[in-house]
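Thanks for coming, everyone. Please have a look at the model on the screen, and then I will walk you through a few spots.

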Amino acid sequence: MHPHFRTLLAAVLLVLSACTSSDVKDLNDQAEPVEDISIAHVNDQIDNQSYSNCEEVYSTHLSMELTVNFDEKKLIGFVKHDIENITGTTTMIFDVNQLSIDKVVLDDNEPTQFVIGNYDDVKGSPMEVTVKPETKSVTIYYSTQPNSKALQWLAPQQTAGKKFPYLFTQGEAVLTRTWIPCQDTPQNRITYDATLQVPSNLLALMAADNNPTEKNTEGKYAYTMDIPIPTYLIALAVGDLEFQATGERTGVYASPVLLEAATYEFAEVEEMIKVTESLYGDYQWGRYDILVLPTSFPYGGMENPKLTFATPTIITGDRSLVSLIAHELAHSWSGNLVTNATWDDFWLNEGFTVYIENRIMEAIHGKEHADMLFSIEYEELEIENEEILAGEFPGDSKLKLELEGRDPDDGMTTIAYIKGALFLKTLEDLVGRAKFDPFVKSYFADHQFQTLTTEAFILYLNDKLLTPNELTFNTDEWIYGEGIPVNSVKITSDRFDRVEEKDKLIPGMESTDMLGLSQSIWSTQEWMHFVRQIPKETTLNEFEMLEDDFSFSQSGNAEIQAEWFIRSIKQERIDPIKKEMEEFLIRVGRRKFLEPIYEELMKSEEGFAFATEVYAKARPNYHSISYQTIDEILGWEVEKG
Ligand SMILES: [Zn+2]
């Protein structure tokens, strides 16, 4: 730490966009003499996934001017960083990943030197720019590469409308540096503005204010984001999009062919916002719009502020998968308002978000429904937890991760999400909602627009909840221990118990009439559970009966299709579903579906041959986040460009 740093600390804390976690700085200043669990982990606050030296000099605001060139699959332009040099350093380090840097200038066009260091597959390269202590801004002229990892360029036939190309970005965790040279660490919050030039037949949107609701003839759009955010939340999408309002502050953007269905599906959003506000304080981001992405979008959703990105695979016509929207909305508090300081603290973003998502669903649809939703996820946690414990990195089953030298993507498991939420549910169970809800609300209020380490959270938990109530809790075991502690609350679902009664009737059935399911109206989750629980002793003939009567392979619902494919492969029933699986694997790029299907296929020779054949066709339709995972599963060799 630079000697000047501490005296300047107070000034830094005054601005919301402080470079590193203020709590961590406080902790550092008083840490040495105290014997405390937090001390042992204090060094974890370093963001190993970024080269930036934002503890010396940091960006406060970005101004971007970019042209979106679909022919060359490039963004071309510049980004100007307003900077705060707190130590008077003469080097400012940015994160870049396979960007072509043309030139760098300071302030009013004053040329300066820059050096791009060694390339790392995950982190990219450090770009060291020579600055002066008095420098106020650094402007970087650059263009992206056609294969920049954050960007997916889609041909018209890969979109819902099939007429126009599409571009979207996915920044989390460390991919923003593949399209914007920046200090790409969640510890630095920035505001930004942007001007985009796109083909005039397309609409361009950003996670910002001033999103257009109609195309203009010049194809030129301008945006501002006045609320300081971490760089992983900067997002852009360009396509043939239309807008439909769903409330005063809510709306949906989608391809014209999907707009009506999407508007119907997401009609509950305003109610979700009100529920969350009543629990955790005001929604602070102004608008909440949802953008429906093409099927190749690698995630279910991404909580880009003011503009959630969502997969179209949740549009089922019956609003049965909208808990995903509750999840992305919940990030407006956990993640976007209070942000993990490093990717090792990822559970602070996702564990809280899954917990809140479930509270929103309970408030709107009742406890039975919420328990069913959580049970589906708990089943997934149990399986993945066992796999992690038996694998190369059993430590990945801890909430606090140690991912130095690895891809932060490795930490995006159900541990952060579901074990994280279970930890909070168990705490809630201990103290009761009358105390727990105000605690979570003040946690957000006290840390809003800041970043937080796990250790700072533990101090806060002890200080505000456990100690005042004279309670002890095995916090350390939950956070620094492997697996799921025995005191975890058990979430069960009565509705799933009834589903399992039907499953038991399958072996030996003469027809599916015996299940008495024809009149039954089940939710997506009940059908998923039904398929998951089909008994091992079920014969191929009985599988065919189920397929004939329920058409799982051709279900328009991707969740049910995926469950059916996985359960069928487990039963060595690959041949009858090859056609439908191939269509699915080529069309859908959501990693959550792809990963278990490919993994299951890899377990047999027939499956491996099929997976390899399909993947050659499907891979060009996947975003880098998905194909990197599947490359690994299949041992796919890619020629490095
Ligand atoms: Zn999330």
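The crossing of helix 5 and helix 6 is right-handed. Helices here are DSSP runs of H or I with at least four residues, strands are E runs of at least two, and both are numbered from the N terminus. Which residues make this contact? From helix 5 come Val269, Met272, Ile273 and Thr276. From helix 6 come Ile325, Ala326, Leu329 and Ala330. Contact means that C-beta atoms, placed from the backbone, lie within 7 Å. By class, that contact has 7 nonpolar residues, 1 polar and no charged ones. Nonpolar covers Ala, Val, Leu, Ile, Met, Phe, Trp, Tyr, Cys and Pro; charged covers Asp, Glu, Lys and Arg; the others, Gly among them, are polar.

A quick word on the source. This is a predicted model: local features need pLDDT of at least 70, side-chain atom pairs count only at pLDDT 80 or more, and totals for chains, interfaces and linings use all residues. Residues are numbered from 1 along each chain as its sequence is written.

Next pair. Helix 8 (residues 367–390) and helix 13 (residues 494–503) pack at about 65°, with axes 8 Å apart. Axes are lines fitted to C-alpha atoms, for helices over the stretch in contact, and angles run from 0 to 180 degrees between N-to-C directions. Helix 8 brings Glu368, Met372 and Ser375, and helix 13 brings Asp494, Arg495 and Phe496. This contact divides into 2 nonpolar, 1 polar and 3 charged residues.

Now Tyr622. Tyr622 sits in the loop between helix 19 (605–618) and helix 20 (624–634). Is Tyr622 buried or exposed? Tyr622 counts as buried, because 24 C-beta neighbours lie inside 10 Å. The cut-offs within 10 Å are 20 or more other C-beta atoms for buried, 12 or fewer for exposed, and in between for partly exposed. Tyr622 touches Ser296, Gly589, Tyr627 and Ile630, leaving out residues up to four places away in sequence.

Last, the backbone. Arg319 is not a glycine, yet has a positive phi of about 55°. Arg319 is partly exposed, with 18 other C-beta atoms within 10 Å. Glu572 also has a positive phi, near 55°. Glu572 is exposed, with 12 other C-beta atoms within 10 Å. And the peptide bond from Glu172 to Ala173 is cis, with omega near 5°.

Terms used: Left-handed = near helix turned anticlockwise from the far one by under 90°. Contact = placed C-beta atoms within 7 Å.
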